[in-house]
Every structure is written in structure tokens, then in C-alpha cells.
Amino acid sequence: MAISLAALVGVTSLKLSKAGVAETTWNQDINWVAVTELEDPQRFLNGGELVLTTGLRLRSAPEQRRFVRQVQRAGAVGIGFGVGLSHEVVPPALLAEANRWGLPVVEVPYETPFIAITKLVADAQSADHYAKLERLIAGHQVLARALLTGGGLAELLKNLGGMLRTDVALTQFTAQLYNSSTAHPSADTWASYPVPTGRRDACTLWVRQPFEDTGIIGYAQNLISVELNNMVKQRQAQRALCGQVLEDVIHGALETSEAQRRLAGVGVNSTRKNVVLLAVSAAHAKALGSTSVPQELEKSVAAVVGKDLVLVVNDDGGTAPALARKLSDHLAEAGIHATIGIGGAYTKPNGLRWSYFEARDAASHGLPVNEPERLSLTSLLLASEDVPLADMAHESLNPLRAFDAAHGSELMATLESYLNNNGSVAAVAEELTLHRNTVRYRLAQITELTGYDPAVTADRVQLWLALAVARLSARQGK
């Protein structure tokens with residue numbers, strides 16, 4: 001271990017003795033030994049040295065006092081003065097000045113060579129370095145074993161905190177992955193260490209001050225980085241597997257009993273109420289599949305369905321909006337701009353399907369977080385990629401749009417008013433300030449241009465659906 005002046009004087013073979021009364025750095029570790037006969041050695045000292053001299057050039061009292069001041073200003077722990085050559089005893093002026101500045105002085109007898117002191121301090125330094133290296137290697141083994149034996153980040157960080165004898169925490173964007181205390185890490189009282197992963201999962205290791213870092217933190221950063229990358233790959237694989245099951249359930253490809261069994265296999269209990277949270281991001285769809293989620297959603301079942309991130313949350317719907325906002329904030333912190341849709345709370349596989357479609361419809365509203373609305377069959381049909389409903393709607397209505405554009409007429413407005421007023425010509429005439437015959441004439445034009453008669457129930461449904469789909473398509477930007 002490193003040695004102090006007090007311990008050095010205690011080595012009987014050196015025959016050193018304390019001179020003067022100063023003890024300010026008496027028990028401070030000696031970093032190195034500097035042998036000098038310069039009058040001003042300050043610029044050659046780094047601090048923490050024991051300065052050995054015979055005072056060869058320190059003939060006068062002013063020179064001796066100046067020498068002490070220069071050594072003290074350099075941050076030395078003390079002076080070892082060799083007697084029997086230039087001076088038979090430690091000069092009184094040097095000793096008085098050292099006492100004044102609180103700098104310890106040790107008398108070195110003639111028979112003790114300076115090299116013996118230097119070697120002893122060097123050996124102590126070497127032993128200290130070797131001991132620290134042994135502890136560091138042992139610490140490496142403990143941290144690596146925590147991961148290799150399945151303990152994960154929590155076990156690794158628990159061991160790291162024990163080695164540093166302080167609290168440690170690991171945060172990832174808005175989420176706190178681990179904290180050995182209840183205090184929230186802050187830059188005032190905690191030291192922060194970034195943990196890069198090359199992905200969007202970069203996180204920060206926090207260590208509460210004070211602590212002594214022997215190099216173990218750097219190794220811990222590397223291990224955490226490796227584990228985070230492993231977690232990303234595990235998330236991708238797990239979400240792909242869950243996504244296959246959810247897609248089969250959403251498409252109605254499974255019997256109820258089989259759907260329940262397969263959902264249970266990925267962690268979804270369909271006998272309880274579940275809510276679907278859907279995250280959509282056209283710009284960062286790839287990142288959605290592997291990114292982390294807030295701590296509050298860690299127990300949810302995450303899946304990738306198409307290009308979207310789907311979270312199935314066991315919830316009665318009461319906390320779903322707050323969880324959705326947490327997810328939105330977390331993704332934004334990660335640089336992922338996503339729209340979150342919330343589904344309703346339902347039981348059974350069919351309920352999960354309905355919640356998914358509600359969440360998908362809600363996400364189309366375009367706000368950062370969108371709560372569910374009453375879902376119509378029209379929006380369900382539009383949500384299905386297998387039904388070209390939008391194209392069919394445009395095909396039905398495009399003749400009216402073209403006629404209105406060419407002649408400045410209002411056939412589209414008349415049709416919408418007629419359907420909204422349940423086929424009442426009188427109500428349409430009053431609403432649009434038209435004569436009833438004008439309304440009838442326009443309805444005849446609509447029939448001629450589209451091939452659908454608004455007075456016939458089947459044709460009226462076709463036109464109503466076309467208008468509803470057109471509105472939904474415009475809202476979704478299609």
C-alpha cells in the first residue's frame with residue numbers, strides 16, 4: 001500500500017527522525033520521491049512528493065526559507081533533509097519556515113542513502129497498484145458473472161454499487177431501468193456516465209457522490225452497452241413472435257379456444273379486460289420495433305403488427321390515456337415521432353380485435369395521443385387493406401365532382417344534404433334555399449351520372465358509404 005511520512009519514519013532500518021512540529025501532511029500518502037539540490041525546484045514538482053535534499057546550495061537563511069516556500073507551493077507532502085554533508089543538522093531557518101507553513105520535515109542521517117527511501121516508497125506504490133489491479137480484475141469477474149449467470153442488468157448494477165459503496169442508477173430516456181435508492185438522480189449530487197449502444201437505446205449510468213472509481217465504472221459501461229444490445233435483439237425477436245399471434249387474432253384466422261391458447265402463450269390473458277395501444281410512425285417505423293418502452297409499460301405485451309408497435313395492456317381503460325402519454329413522451333425522447341392510438345377495454349380474443357381496430361382508427365386522427373371513439377363499420381372496412389373501398393367510393397363520386405367542377409353546380413352538396421336529412425326533399429330545399437323541383441332535378445342528375453338512385457335504399461346505402469369513406473380518406477390523407 002502507499003506509504004505516508006508517519007509510516008516512513010516508523011521504518012526502523014531507515015533511522016529517520018521527525019524534525020519540527022508541523023504535521024499537516026504527516027499522514028498523507030507519498031506519491032513519489034524527488035531528490036534535488038536546486039534552490040527553486042517548484043517547476044519540477046507535481047504535488048504529493050517527498051522532497052529529499054542535502055541543502056548543498058542552501059547556505060543562507062533567506063535561501064533556506066525560500067526553498068521551503070517553493071516546495072510548499074508545489075504541494076509536496078514534506079522535506080527529507082540529509083545531514084552530515086553540507087549541514088550537520090537541519091538548518092534552524094529552514095525548520096522555522098517549515099513549521100510556519102505546516103510542512104513536515106524529516107531528518108535523514110548520513111548513513112541512510114536517499115535511494116533506500118526512494119526504493120521503499122516505490123515498492124509501496126507498486127504494491128498498492130498491484131492490489132488495486134487485483135481488485136479491479138476481481139470486480140470485472142463479478143460483474144461479468146452477474147450477466148453470464150442470468151442476473152441481468154439489475155444484478156450487475158447491484159454488484160457495482162457494492163464495489164463503489166454508493167447508490168447507482170440506470171436511466172434510458174424517460175424510463176428508469178434501475179435505482180438502488182428512492183432518490184431520483186440529479187447532476188448536483190450524482191456523476192453521470194453515458195452508455196452508447198450505436199442504437200436509439202443509449203442510456204445513462206448514474207453514481208451517487210462521493211465514491212472512489214478505480215476503473216471499474218469504465219468496464220461496467222462496456223458490459224451495460226453489450227447487455228443493452230442483447231436486449232434490443234431479444235425485443236425484436238419477441239415482438240415478431242407476438243406480432244404473428246396478434247395478426248392471426250386480428251384477421252379472425254383462429255377459433256376462439258385456439259386464439260385464447262395462443263394469446264396466453266405470449267402473455268396475453270384474454271379472460272381479462274385488455275387495452276391496445278398502437279404507435280404509428282411513418283418516419284421511424286423500423287426503430288419502433290426495437291425501441292424500449294416506459295417502465296410503466298414493461299409488463300405489457302409488445303408486438304410488431306405490420307409496421308406498427310402494438311402494446312396489449314391489462315387494463316379496464318381507466319389508466320390507458322396516462323400510459324399512452326407516457327409512451328408518447330418516451331418515444332419523443334428517443335427521437336421517434338409517433339402517433340398513439342388507444343383502443344377500448346374488452347375481454348376475449350374478439351374484444352382484442354375490436355380494441356386493435358379502435359386504436360388504429362384513433363391513431364388516424366393524427367394527434368400525439370388519440371383516445372378511442374365509437375367505431376363504425378365504415379371505418380372498419382376502410383381499415384382493411386383487403387377491401388378497395390376507398391377506390392370504389394371515389395369511382396362512385398368522381399362523376400359528380402367532375403360535373404360540379406365543369407358547371408359550377410352543387411350536386412355533391414345536394415347529395416350530402418339529402419342523405420343527412422333521411423331523404424326529405426323538403427328538408428334539403430329549406431337547408432340549401434332551393435325550390436323543391438330544383439332538388440328533384442339535381443337528384444335525377446345524380447342518378448344519371450352515378451348510376452345510383454338516392455331514392456332506392458340499396459343505392460342510397462352505396463352513396464352514403466361512398467361519402468363516409470371519402471370523408472375518412474380525406475381525414476387520413478389518402
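The legends below describe close-up views of a predicted model.

View 1. Helix α2 spans residues 61-73. It has 13 residues. From first C-alpha to last, α2 reaches 19 Å, close to the 18 Å expected at 1.5 Å a residue. Five residues named here are buried in α2: Q64, F67, V68, Q70 and V71. They cover an arc of only 165 degrees around the axis, which puts them on the same side of α2. The cover over these buried residues includes strand β3 (49-53), strand β4 (78-82) and helix α3 (92-101). Just after α2 comes G75, with a positive phi of about 90 degrees.

**View 2. The second largest pocket.** The volume of this pocket is about 500 Å³. Its lining counts 27 residues. Closest to the centre of the pocket are M231, R235, R239, V293 and E298. Which element supplies the largest share of the lining? Helix α6 does, with seven residues. Elements that each supply at least two lining residues are α5 (152-164), β6 (168-172), β7 (175-179), α6 (216-250) and β11 (301-305). By class, the lining of the second largest pocket has 15 nonpolar residues, eight polar and four charged.

**View 3. The cis peptide bond at P210.** Q209 and P210 are joined by a cis peptide bond. Omega is about 0 degrees. P210 sits in the loop that runs between β9 (203-208) and α6.

**View 4. K15, a positive phi in a loop.** K15 belongs to the loop between α1 (5-9) and β1 (17-19). Its phi is near 55 degrees, a positive value in a residue other than glycine. Is K15 buried or exposed? The relative accessibility of K15 is 54%, so it counts as exposed, the cut-off being over 50%.

**View 5. R165, a positive phi between α5 and β6.** R165 is not a glycine, yet its phi is positive, at about 55 degrees. The residue lies in the loop between α5 and β6. R165 counts as exposed because its relative accessibility is 77%.

**View 6. S396 in helix α12.** Helix α12 covers residues 389-407 and holds S396. S396 counts as buried because its relative accessibility is 6%, and buried means under 20%. Which residues does S396 touch, not counting residues up to four places away in sequence? They are T450, Y452, Q462 and A466.

**View 7. N274 in strand β10.** N274 is found in strand β10, residues 274-280. With 6% relative accessibility, N274 counts as buried. How many residues separate N274 and P91 in sequence? The two are 183 residues apart in sequence, and 88 Å apart in space, C-alpha to C-alpha.

Definitions and conventions:
Residues numbered from 1 in each chain as written. Predicted model: local features only at pLDDT ≥ 70, side-chain atom pairs only at ≥ 80, totals over all residues. Heavy atoms only, no water. Helix = DSSP H or I, 4+ residues; strand = E, 2+ residues; numbered from the N terminus. Expected span 1.5 Å × (residues − 1). Buried < 20%, exposed > 50% of the residue type's maximum accessible area, 1.4 Å probe, protein only. Arc of directions from axis to C-beta. Contact = heavy atoms within 4.5 Å. 1 Å grid on protein atoms, 1.4 Å probe; cavity = no way out; pocket = protein on both sides within 12 Å on 5 of 7 lines; lining within 4 Å. Points joined across faces, edges and corners; volume = space filled by probe spheres on them. Nonpolar A, V, L, I, M, F, W, Y, C, P; charged D, E, K, R; others polar.
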